[in-house]
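The sequence and coordinates come first.

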Amino acid sequence: MSVALRTQLFLFLISVSLRMGLARYIEDNEASDGLYSLLSLAQKRESEDFIFRRPLRCLDMLATDGLFTFVASKPQLACAAFIIAEPSEVISLELSDVSIDCSAGDFIKIFDGWVLKGEKFPSNQDHPLPLYERYTDYCSSTAPGATSRSSQNVAMVFFRIHSPDSGFTLAVKKLHNPFPCNIMSQSPEGSFTMVMPHQRKNCSFSIIYPVEIRLTELSLGQAKSNELSPQRLAWSGCSGSGDYVELLGGNGVDTSKMFPVADLCFSLSGLAQMKIGCDNSVVRLVSSGNYINRVSFQYRLLEHNELPKARENSLENFCTVE
């Protein structure tokens with residue numbers, strides 16, 4: 001990855017706004033070093049020297065099972081831990097050894113998904129739970145600890161602690177998910193297959209990089225029984241078909257706010273490809289619940305010289321990264 005592109009991605013990730021009414025972004029060097037670890041996440045995963053137990057930083061990225069303990073050395077008023085797993089996994093989180101003062105304004109809240117730049121992934125449209133059910137608040141819980149299980153391969157923890165030596169331990173455990181949906185990719189390169197079996201559900205595969213996406217297989221409208229699949233037609237606007245795949249691009253993570261690059265609502269077994277020069281590139285599978293839908297694709301990082309050039313009054317310039 002070029003230095004310019006790494007810098008662009010780093011600036012995108014560091015501009016994290018915390019959902020709990022915290023009006024400022026985290027900009028201190030210690031926090032920056034914590035979130036910068038996402039840039040080398042692929043390299044970390046190749047190493048076998050994972051630490052099972054380690055301290056948790058005010059702004060942190062966790063990609064492995066373990067126990068992570070935070071102890072405040074000074075007031076920490078805007079902290080977050082981002083947790084990511086494999087695409088085929090969900091995340092179990094449990095708090096223990098909590099020593100915070102909720103009455104003084106301390107809090108620990110677990111969120112089912114990620115919040116970046118004030119936007120949520122998965123979006124409210126695509127998540128199976130209403131927004132209020134996606135938060136687990138330690139201070140509002142009647143149990144001695146708080147537990148939560150994510151609906152997808154990402155989750156996060158917001159926390160605010162005023163008093164030095166206060167803190168908590170976070171246990172992270174990853175569990176197998178037989179039908180992955182709403183996935184945040186750990187890498188700018190790879191391949192994946194999304195399958196939606198008879199469920200009215202929208203699933204997105206999000207890649208926080210400008211990439212080329214190649215659709216290698218698309219099967220839409222397969223009947224529930226042995227009857228022949230209905231004839232599928234290409235729509236000028238595929239939303240009317242009920243079952244379709246759309247490619248999205250944007251500089252945030254909320255798919256409902258991203259730009260539609262292309263959509264397909266007919267099956268194909270050949271190769272269709274598209275370059276998306278955005279901070280975030282998404283393959284989104286929309287299913288009516290009447291059929292088994294399946295999409296397979298490959299993706300790779302765009303080199304800097306492949307990024308679209310600026311053109312005035314052109315839709316191709318909607319997401320140009322210089």
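In this predicted model, 50% of the 322 residues in the protein are buried. The accessible surface comes to about 15100 Å², and carbon and sulfur atoms account for 49% of that area. The protein has 3 helices and 21 strands. Of the contacts between residues at least 6 apart in sequence, 75% join residues at least 24 apart.

S18 runs antiparallel to strand S17 (residues 244-250), and 5 bridges join the two. Within S18, Asp263 stands opposite Glu246.

The largest nonpolar core contains 27 residues. Met194, Phe205, Ile213, Val295 and Phe297 touch the most other members. S17 supplies at least two residues of this core, as does each strand in the table below.

| Strand | Residues |
|---|---|
| S14 | 190-197 |
| S15 | 200-207 |
| S16 | 211-222 |
| S20 | 280-288 |
| S21 | 292-301 |

The largest share of this core, 5 residues, comes from S16. Beyond its neighbours within four places in sequence, Ile213 is in contact with Leu247, Ala272, Gln273, Met274, Ile276, Ser281, Val283, Phe297, Gln298 and Tyr299. Another core lies apart from the largest one; this second set has 25 residues, including Ile108, Ala155, Leu170 and Val172.

Key:
Residues are numbered from 1 along each chain as its sequence is written. This is a predicted model: local features need pLDDT of at least 70, side-chain atom pairs count only at pLDDT 80 or more; totals for chains, interfaces and linings use all residues. Side-chain values use heavy atoms; hydrogens and water are left out. Two strands pair if DSSP finds at least two bridges between them. Helices (H or I, at least four residues) and strands (E, at least two) are DSSP runs, numbered from the N terminus. Buried means under 20% relative accessible area, exposed over 50%, partly exposed in between (1.4 Å probe, protein chains only). Contact means heavy atoms within 4.5 Å. Accessible areas come from the Shrake-Rupley method with a 1.4 Å probe; for residues, only the protein chains shown count as cover. A nonpolar core is a set of buried Ala, Val, Leu, Ile, Met, Phe, Trp, Tyr and Cys residues joined through side-chain atoms within 4.5 Å.
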